[in-house]
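Reader: I have a model open on my screen and would like to learn how to read it. Could you walk me through some features, one at a time?

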Amino acid sequence: MEPAPAKAKPQGRLLVSTQLDAKDELEERLERCVGIVQSLTNGLSEREANDALTANVCKGQQQHEEVCLGLFTLVLTEPTQAQRCYRDLTLVNRDGMNGILVKINQILMEKFLKLQDAPRTQLVWLVRELVKSSMMGTDGVVMTLLKQIAGGDISSKNLWLAESVLDILLDQKEWVLKSGMLIAMSVYTYLRLIVDHGAPNLLTLRQKEVDFCISMLREKFMDCLIIGRDLVRLLQNVARIPEMELVWKDLLHNPQVLSPQFTGVLQLLTARTSRKFLACRLTPDMETKLLFMTSRVRFGQQKRYQDWFQRQYLSTAESQSLRCDLIRYICGVVHPSNEVLSSDILPRWAIIGWLLTTSARCPAYLSSACGGRSV
Amino acid sequence: MAAPTTEAVFLIKDVKPGSKNLNIVFIVLEIGRVTKTKDGHEVRSCKVADKSGSIAISVWDELGSLIQPGDIIKLTRGYASIWKGCLTLYTGRGGDLQKIGEFCMVYSEVPNFSEPNPELLSQGNQQNKSGKSDQNQRGNSPPNQNSGTPAPPGNGAMPPFANNNNNNPPPGASRDPAFGSIGRPNGRSPGNGAPPATAAGAPAAAKSSVTISNGRDPRRAKR
């Protein structure tokens, strides 16, 4: 008698999956769209293929969506054809890329961790192309991309993402300067990431990040002010870096240098920081799991969830800096309803207690959870 | 990953020895050690749970190596039988295990429906004597749902967590720690999540006081 034979499941082109994983509906849908595009263009010359696609998208919204998503997926899964497929996409698209931007957001928020290497690289490439063509809504996608950069993570994948997005921001600076929110978000992100990049082999990256933040702070200070009082906290954590020290001197003694409308550090300290910023430093998966713990797990039942979360996100020395972001999130973003508060659902103080006491192995980071830590 | 959608899914508490065609969604709590069967297969006994309780599932080969604690898995066309006195789930022919999510599922670790049950042990022996495929002869392969007799997953090791101090009493004890029935904790103190010391009384497992006549799991009679 043999064990039940393993069902051979074909590996998709987009997401990493094993024999254990259920089929991914989004991946299946996108691959179906690829099939549609390929059946329309098979064996045709470039010109004929383009005509065929154009004719098809005119038939209706569904056909438009299928062709656009098919071309979009080909950009992700076929790097050698990406340039051509992207050009075709821009030619046949009729909704200002809105459907594509929505799909990119969905992949970033739900599937980013599972993307195969090539599609992940291609996705960042595509976002860069969309930024270059100044599509409306692209700043939102870039902010979602920033959110995928995990705090306390110096794995090569994460470092690559941090640098790649920074490169987009540096390369497309003119475009970035048009969006106050994007300026604020990216400064918030990179001031935070600088703290993670103190190791000798990361100093080149860190310098790039410092240069970017300094240029935003000095050229667009009032947009950085959108961050609110947490900007002071962020600047405090990097205050030992020479260029940052100069910003501090101006902040404290010469505010008008940063901006004529800036009256001084008190103006900054009295400005509330929106939850958006506190939340942007947690990846979607971290948020999902923490929110689950604070809304569904009963007090007394949390041990395993804590162990699983810890194993995934808090198991390295570098990851301890993430604890501060997590605690800040619990305090500032999670606001349970009265119903939850009066139930036996895991209370926020218990989660914070867990995050604080399990960091006892790294006392230096414990102090940064309670205050600031200078780099 | 998102939590699984709710449908009319079978619950672990409804699993009985001999149950077939089981479609259950559960979350993986622990993975046991690998053991090797005589014909070279690898078996792992995993502790899995849903809101109604926990149970052991034996998983063969590659699937077993892929499963991780925290995975939310949908079992289709599984079956259950007794192995060394413990109710155990299996994936049969035509069955499948699919990971549909992770982390976001509430569960109750108690009752543990795979706790060793001396009555079930003798029940297994009775079935052997009745002429069905002998347990020892089938020693190497996973149980077949047609015969209804369990086969040892290798060296006959019991599910390792049957004696786990965290949640399960040693075999023979009659009370389970009541993690699931604490209600409002009254002595809140900052901590790392250890459950309050005041555990409410648990329903007795009632293992030792029921005689078997029809092969049904005696614990079911009480619920």
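Author: Gladly! Keep in mind that this is a predicted model. Let's start with a pair of helices in chain A: helix 18 (residues 284–295) and helix 19 (residues 303–313) pack at an angle of about 165°, with their axes 11 Å apart.

Reader: How do I put that angle into words, and what is the handedness of the crossing of helix 18 and helix 19 of chain A?

Author: Angles over 145 degrees count as roughly antiparallel, so helix 18 of chain A is roughly antiparallel to helix 19 of chain A. Their crossing is left-handed.

Reader: Which residues of helix 18 and helix 19 of chain A meet?

Author: From helix 18 of chain A, Asp285(A), Met286(A), Lys289(A), Leu290(A), Phe292(A) and Met293(A) take part. Their partners in helix 19 of chain A are Tyr305(A), Gln306(A), Phe309(A), Gln312(A) and Tyr313(A).

Reader: Let me zoom in on one of them. Is Met286(A) buried or exposed?

Author: Under 20% relative accessible area means buried, so Met286(A), at 1%, counts as buried. Leaving out residues up to four places away in sequence, Met286(A) touches Ala150(A), Phe309(A), Tyr313(A) and Leu322(A). Met286(A) and Tyr313(A) are 27 residues apart along the chain, yet their C-alpha atoms are separated by 8.2 Å.

Reader: What should I know about nonpolar cores?

Author: In soluble globular proteins, nonpolar side chains tend to be buried together. In this model the largest nonpolar core has 127 residues, and those with the most contacts inside it are Ile104(A), Tyr190(A), Leu191(A), Leu231(A) and Met244(A). Helix 10 (residues 180–194) of chain A gives the most to this core, with ten residues. There is also a second, separate core of 22 residues, including Val15(B) and Ile57(B).

Reader: Which residues is Met244(A) in contact with?

Author: Apart from neighbours within four places in sequence, the contacts of Met244(A) are Leu191(A), Ile194(A), Val210(A), Cys213(A), Ile214(A), Leu235(A), Val238(A) and Ala239(A).

Reader: Now chain B, please. How many helices and strands does chain B have?

Author: Chain B has three helices and five strands, running β-β-β-α-β-β-α-α from the N terminus on. Of its 223 residues, 50% count as buried.

Reader: What backbone features deserve a look there?

Author: Most residues other than glycine have a negative phi, and most peptide bonds are trans. With that in mind, find Asp61(B), which has a positive phi of about 50° although it is not a glycine. Asp61(B) is in helix 1 (residues 61–66) of chain B and is partly exposed, with a relative accessible area of 23%. Arg77(B) also has a positive phi of about 50° without being a glycine; Arg77(B) sits in strand 4 (residues 71–83) of chain B and is partly exposed at 42%.

Reader: And what is the peptide bond from Val110(B) to Pro111(B), cis or trans?

Author: That bond is cis, with omega near -5°. You will find Pro111(B) in the loop between strand 5 (86–102) and helix 2 (118–129) of chain B.

Conventions. Residues numbered from 1 in each chain as written. Chains lettered and ligands numbered in written order. Predicted model: local features only at pLDDT ≥ 70, side-chain atom pairs only at ≥ 80, totals over all residues. Heavy atoms only, no water. Core = buried A, V, L, I, M, F, W, Y, C linked by side-chain atoms within 4.5 Å. Buried < 20%, exposed > 50% of the residue type's maximum accessible area, 1.4 Å probe, protein only. Helix = DSSP H or I, 4+ residues; strand = E, 2+ residues; numbered from the N terminus. Contact = heavy atoms within 4.5 Å. Axes fitted to C-alpha atoms, helices over the stretch in contact; angles between N-to-C directions. Parallel < 35°, antiparallel > 145°, perpendicular 65-115°, else oblique. Left-handed = near helix turned anticlockwise from the far one by under 90°.
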